[in-house]
Every structure is written in structure tokens, then in C-alpha cells.
Amino acid sequence: MRGHECWFRINEKDNKHAQQFFKEAISLDNNFVWAHTMQGFTHMFELFYRWSDSPIDSFQKAELLAEKSLALNDSFDMAHILSGWIYLFQKQHDKAIKEGEIAINLNPNGGEVDQRQLLFPFNDNYNSRFLYLLTNQYY
């Protein structure tokens, strides 16, 4: 829970703290899908807000955590949202939309909010430029 609180503050220092809390939770229970998923979101935030010294490493970590989360529990809506973010970065828009739809079907009361969250990083010009640079340079 402390990791989630840190993550919601959306600043570099607290994002690093969130990573540590989620890492600790995973070390206590390697099957804790929520911790794996949230750890993936921390790495995506490193990309969105340019906190990462290595955007490729951050993206690859998030991608692996999304895969791990879905392997642990493919009925967890947030794992599908994380996967949707990964697909957006890979310009696989149809798959990203599908992941959002899966999340809504799994959790209609939470999925709708999360689908909006799926798209929020790309609403402003700053992040759109960053997404363009990352996807065109590295993928």
C-alpha cells in the first residue's frame, strides 16, 4: 500500500520509493500480481516523465512485468491496462484498445476509469512528442 501511495504522488523521488516498496512486496510473495503490475507502471512513469537514464531499459522492465502479471492472473484488470500501455508504445493500437476492453469487461466499475488512464499520458504535447521520439527511435 505504501508503494501505491508513493506512485500516486507522481514525482521522481516518490516513484523510486514506490519501486522499492513494490520490489519488497514481490520478494515477500512472488505471485503478488498487483505488486508486479504496479512495479510495471513505475517504469512506464519513468518514460512519461523522462526520469529514466535508459528509456529502453525502463520500457523492457515494464514489458516483462506486464507479461509476468498476465501470466500470474489474466483476470486482473490493471495488468491488462499495463499491457495496453506497452502496446501503445509499440504502435499496436488495436491490441492496446483490446486490452482496455478486456479490463472493462473484467471490472466494469474500475475498468472505465482505467481505460481513461490508459490514454492520459498522451493527452498533452509534451508526452506526445516523447512518445513519438521513443517509438520512432527505438522501435
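Modeller: With a relative accessibility of 7%, C6 counts as buried, because the cut-off for that class is under 20%. The model is a predicted one. C6 belongs to helix α1, which covers residues 2–8. Beyond its neighbours within four places in sequence, C6 contacts D14, H17, A18 and F21. Of these, F21 stands 15 residues from C6 in sequence, with a C-alpha to C-alpha distance of 8.9 Å.

As to the aromatic rings, a pair is described by the distance of the ring centres and the angle of the planes. The count of aromatic pairs comes to 10. One of them joins F22 and W34: the ring centres are 5.5 Å apart and the planes lie at 80°, so the pair is edge-to-face, the cut-off being over 60 degrees. Because F22 lies in helix α2 (residues 12–28) and W34 in helix α3 (residues 33–48), this pair ties together parts that are 12 residues apart in sequence. F22 and W34 are both buried.

Another pair is formed by F45 and Y49, with centres 5.4 Å apart and planes at 80°, so this pair is edge-to-face. F45 counts as buried, at 2% relative accessibility, whereas Y49, with a relative accessible area of 24%, is partly exposed. F45 and Y49 also belong to one aromatic cluster, formed together with F41, F48, W51, F59, W85 and F89.

Methods
Residues are numbered from 1 along each chain as its sequence is written. This is a predicted model: local features need pLDDT of at least 70, side-chain atom pairs count only at pLDDT 80 or more; totals for chains, interfaces and linings use all residues. Side-chain values use heavy atoms; hydrogens and water are left out. Helices (H or I, at least four residues) and strands (E, at least two) are DSSP runs, numbered from the N terminus. Buried means under 20% relative accessible area, exposed over 50%, partly exposed in between (1.4 Å probe, protein chains only). Contact means heavy atoms within 4.5 Å. Rings of Phe, Tyr and Trp (its six-membered ring) pair if their centres lie within 6.5 Å; planes under 30 degrees apart count as stacked, over 60 as edge-to-face and the rest as tilted.
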